[in-house]
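Here's a quick briefing to read alongside the model. Have the sequence and the 3D view open as you go.

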Amino acid sequence: RILRAAGVKAFGIDLRQDLIDLATQSGADGAALRNNEMLTGIVKKFSHGHGTDAVIITAGTSSLDPVELAGELCRHHGKVVIVGNVPTGFSRKTYYRKELELLMSTSYGPGRYDANYEEKGLDYPIGQVRWTENRNMMAFVGLLGSRAVKLDDLISHRFSFADAKSAFDLILDSSSPTIGVVLEYDREKVLFEPESESFAKFSKNDTISVMGAGSFAGNFLLPHLKDLLTLDAVLTSRPHTAEGARQKYGFAKAVTDPNILLEGQAGAVVIATRHDSHAPLALKTLKAGKRVFLEKPLCLTMSEYVEMAAQLRNPTSPDLMLGLNRRFAPHIKELKSRLSDLPVAINYRINAGNVPSDHWVHDPEIGGGRIIGEACHFIDLCAFIAGSQIKTVSAYILDTAPQNHDTFVASLQFENGSVASISYFSNGSKNLPKEYIEVFSGGVSAVIDDFKSLTIHSGKTEKSKAGKQDKGHAAELSSFAESLKKAKPFPISTMESLHATLATFAVVESIRRGGTQIEISAFENAWSSPQTN
C-alpha cells in the first residue's frame, strides 16, 4: 500500500493464499504463491522481461530460499533489501553476474540505535540523509492522515489490554491467520470519579476565595470574578481593606487569617498577594485540598520551586494555574490558528520602562526582580506560540544595568526546533509601545503590536485591530471559571506553569554565568538532587 501510494508497481509473494488475496485487495499489481511453478516467468512478464528493480524481503525463516529467489527475480544492477530475518549465505553466481546490491534494513531508518539522534535530538542534515527514522515516521503518518494508505481491513483481531495474553497466544499460533492485532484502550472508561479522593482537585465547586485585594486584583481580577463565580472570603493584611473589598465585590466574609479562609467552602483560591508570599500561601492552600489560581510568579527561589514541584506532581494534590494571561489574548488566539505545525522563529521586544532601584519589585526577598516577577509572561508566551517546551536558554544583561537585571536579551531553543529571542529593555522611551511580537513560520510572517493590532503577511497582507488593548485577562478568568464549574483541568496545566517558572530561573542562572547556555532538564535535575547546595 505504501509502494502504491508512491506510484510504484508492486508484486506480492507469500506462502498463504489468504495473504495473496489480501495483497490483491490492497492494490498489488500482481501476486502469486511461492510454490507456483510459473512464478519466475510471471514476475518476468510483470516486469516487461527485465526483472524487478528491487525485491524487499520481509520473511522470517532459516531457509536460504527468499534471498536466492530475490536474486533470480531482480534485474541487472537491481537491489535486494532484507527487512526480515533470513540467512545471507546465498550462492555467489546470480548476485555476481547481475551485480546486485544487497542492503540490510535496520528498523525505522537512519538514526535508529544512535543515542545522539534518539536521545540527544541531534538530527542528520536532510541534504545528506533524506529518510531518517523520524522522517520515515512523519511520511507514514502523513499517508495515514491523507488516507492514501488505509489500515482498517488489515486489523484482523482486537483485544483489550486486560486480555493481552490471548492476543500474544494468537500470534504464536501458526495455524491462526493473523495480520494486524490491536490492543485497545477502554476509551469510555472514566479515569477519575468526582467522588474519589484522587479526583478531588477536579470536583465541581464554583465558589472561590481570594487572597489579596490590591491594585492588580482590583483592576484586573475582581471585576471579572464577581460576575463569574460565587465569592466566599477575601483576605488582606488589613481588616478595613478586606472589609472594603467584601462590600465592593460581594464576598460573604472578610478575613485577615489564611487559616480562617481555608476553612471555608470554596473549592479554589485566587492568590494575588505580594510575590514573596506566593509560594507559602499556594503550598498551604494546596495542602488544604483546594485548587489554586496564582498570579505570577510561582515562587522566588529554586528551593521554593523544588518544594512546589514536589507538591504539584503528587497525584493526590489539587492543581494550580499560573496567571499567564497573554496566552488568552484575542490576537494570540488568531495567530495560533494561522500557524502551521512547522517550527517558528519569534522575536519578542518588551519596552518595559524604568522602575526605581529602591522599588520592592527589585528586592530579591520580596519581589524577586523583574525577570522572575514579569519576564515569565514573555517566556511562557513564546513557548505557547511555539507549541513546545523550552530546551535551552541563554541570556545577557546590559553592562550598565548589572544590579537589577532589567535590561537583558534571552535566546530560547525549543524541543520542536523553534527558536525565540526575548529583548527586555528598561532603558527606552515611554513613547514607544510596550510589547512588539514578530513570528515567522512556513512563509508566513505575523506582527502583534502591543496587543492592539495583528498583521499577517502571507500571500497577502491582512490586518486586524482590537477596539482597545486586550492582553487576555477576561478570557483567562472566564476559562478558569469554566474549569471550576465543569470540574475540568485548568486551561494552563500545572506542568506548563512549572515549566515557565523553571525556564525563567534558567534565564537568571544564565545571566549569572555570563551568558552560558542552560539546558532546562539538566538545570532542574541539578536542583532536585539532594546534594545540591
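In this predicted model, helix 9 (residues 215-228) and helix 16 (residues 473-485) have axes that come within 10 Å and cross at roughly 45°. That angle is why helix 9 counts as oblique to helix 16. Two packed helices are described by the angle between their axes and the distance between the axes.

**Where helix 9 meets helix 16**

- Helix 9 puts Phe216, Phe220, Leu221, His224, Leu225 and Leu228 into the contact.
- As for handedness, the crossing of helix 9 and helix 16 is right-handed.

- Now look at the open sheet of 3 strands: the order is 3-4-5, and the pairing is parallel.
- Strand 3 (52-57) and strand 5 (101-104) sit at the edges with a single partner strand each, so one side of each has no neighbour in the sheet.
- On average, neighbouring strands here are turned by 15° against each other, ignoring direction.
- Strands of a sheet pair through backbone hydrogen bonds, either parallel or antiparallel.

**Around strand 4**

- Strand 4 (residues 74-82) runs parallel to strand 5, and 4 bridges join the two.
- If you want a pair to find on screen, Ile82 has Met104 of strand 5 as its bridge partner.
- Helix 4 (residues 65-73) lies across strand 3 and strand 4, and runs at about 150° to strand 4.

How values were computed. Residues are numbered from 1 along each chain as its sequence is written. This is a predicted model: local features need pLDDT of at least 70, side-chain atom pairs count only at pLDDT 80 or more; totals for chains, interfaces and linings use all residues. Side-chain values use heavy atoms; hydrogens and water are left out. Axes are lines fitted to C-alpha atoms, for helices over the stretch in contact, and angles run from 0 to 180 degrees between N-to-C directions. Helices (H or I, at least four residues) and strands (E, at least two) are DSSP runs, numbered from the N terminus. Angles under 35 degrees count as roughly parallel, over 145 as roughly antiparallel, 65 to 115 as roughly perpendicular and the rest as oblique. A crossing is left-handed if the near helix is turned anticlockwise from the far one by less than a right angle, and right-handed if clockwise. Contact means heavy atoms within 4.5 Å. Two strands pair if DSSP finds at least two bridges between them.
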